[in-house]
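Take a look at the model below. This report covers a ligand, a pocket and a peptide bond.

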Amino acid sequence: MSYQARRCLVRGSLNIDEFFYVQDVVRPGQTISSTKFERRAGGKGANQAVAVARAGGDVSLVGAVGEDGTWLVRNLEGYGVSTANISVVQEVTGRAIIQLTPQGENCISGLAQGGKLRPSNLPNDVERHLTGISHLLLQNEIPWASTLAYLEHAHARGIVTIFNPSPVPADAQLHAFPWAALSWLIVNEGEADSLHRVIGGNSGNHKVEEYPVNWPDDNIVRLAFSTLNNLRHGEHLASTSVVCTLGAAGVLASIRGLEDVLYFPAAALEGDVRDTTGAGDCLTGYFVAGLMEFRNKQLSEDEAAGLLRLSVQAAGMCVEKDGAMESIPERVVVDARLS
Ligand code: ADP
Ligand code: NA
């Protein structure tokens, strides 16, 4: 029996998030002291890699940290992420300085290390990183040239490619993006809307799809359904499947080879929403780990529904807890909640 290993490469960001708990966010010229300080591992690349690992997927992260970020690398190893391709360079790690008030106000200043902390994008390195990889997962917190280099090489090798365009790329970048190289696009409703504005299909070009009668009477879902239909019938996403997350309203998916858009409500929570940070990353990682179990084959509607159910349940458990990376649940507890 021939067995081709499935392994996910995440080329993405690793950051240090520093939280300062303050009575009020600081004003110009003011000095205030904090009541509490917390340092957490972050970055969408790191969060999503952890989610793939917690979901049971074999995953490696390509990125860079400064010498102040070696604890972050050890953290990732603890979660089961392969860190052999993370370089430690003589710079400071990218970070976000976040002021949080008791009223829930926040104020964030960031240090994007983009240029300095970039591992090499030389074709030889990209090819080496992609050797033995079945799935490539990208976000938009690294230099654009890197994203394009990994995507194009991966596509040429027949690797399944997944892109979470967060933060949303510039209009010109979206216009010139090699959409044909992209297998899966994972967006939230805001990102879907931005993409639609820039690369949306002409809604006059296709039959307007009726909102399914058995779906919830919810404007968020209605609006996203219409956006997604325009995107999926447009020229750019002709070969790309799309997952669109809708916060507490759940998730929509347009999957190539399946006739209808799928809808899944958000998971029922045990208790209150505590912290939605990282929910999208959790859903993305779980979804990709689930995809890896199906190899490259066309998903049936039942398989796709199972995958969404798993991902939505994991994301729901993530919002039940504080933090982003540290609130991503393990597969066994997600499975237990589903059964
Ligand atoms: P992002 O953080 O990227 O904006 P979303 O807010 O859409 O992503 O959240 C991603 C997923 O997390 C949702 O599709 C949903 O499954 C889950 N989720 C988010 N907020 C809630 C909530 N309040 N209750 C239950 N699930 C939630
Ligand atoms: Na959380």
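## Ground rules

A polar contact is a pair of N or O atoms within 3.5 Å; within protein, one must be able to donate a hydrogen and the other to accept it, and residues adjacent in sequence count only if both atoms are side-chain atoms. This is a predicted model: local features need pLDDT of at least 70, side-chain atom pairs count only at pLDDT 80 or more, and totals for chains, interfaces and linings use all residues. Residues are numbered from 1 along each chain as its sequence is written, chains are lettered from A and ligands numbered from 1 in the order in which they are written, and side-chain values use heavy atoms, without hydrogens and water.

## Around ligand 1

A backbone N or O atom of Gly247 is 2.8 Å from an oxygen atom of ligand 1. The side chain of Thr245 places an N or O atom 2.7 Å from a ligand 1 oxygen. For the side chain of Asn188, that distance is 2.9 Å. Alone, ligand 1 exposes 550 Å², and the protein buries 82% of that (Shrake-Rupley method, 1.4 Å probe; for residues, only the protein chains shown count as cover).

The shell around ligand 1 has eleven nonpolar, five polar and no charged residues. Here Ala, Val, Leu, Ile, Met, Phe, Trp, Tyr, Cys and Pro count as nonpolar, Asp, Glu, Lys and Arg as charged, and the others, Gly among them, as polar. Helices H8 (279-293) and H9 (301-319) each supply at least two shell residues. Helices (H or I, at least four residues) and strands (E, at least two) are DSSP runs, numbered from the N terminus.

## The cis bond

Ser166 and Pro167 are joined by a cis peptide bond, with omega about -5°. Most peptide bonds are trans. Where does Pro167 lie? Pro167 is in the loop between strand E9 (160-163) and helix H5 (171-176).

## The largest pocket

Ligand 1 takes up the space of the largest pocket (more than half of its atoms lie within 2 Å of the pocket's grid points). A pocket, on a 1 Å grid over the protein atoms alone, is an open set of points where a 1.4 Å probe fits, with protein on both sides within 12 Å along at least five of seven lines; lining residues have an atom within 4 Å of a point. H8 gives the largest share of the lining, five residues. By class, the lining has 21 nonpolar, 19 polar and nine charged residues.
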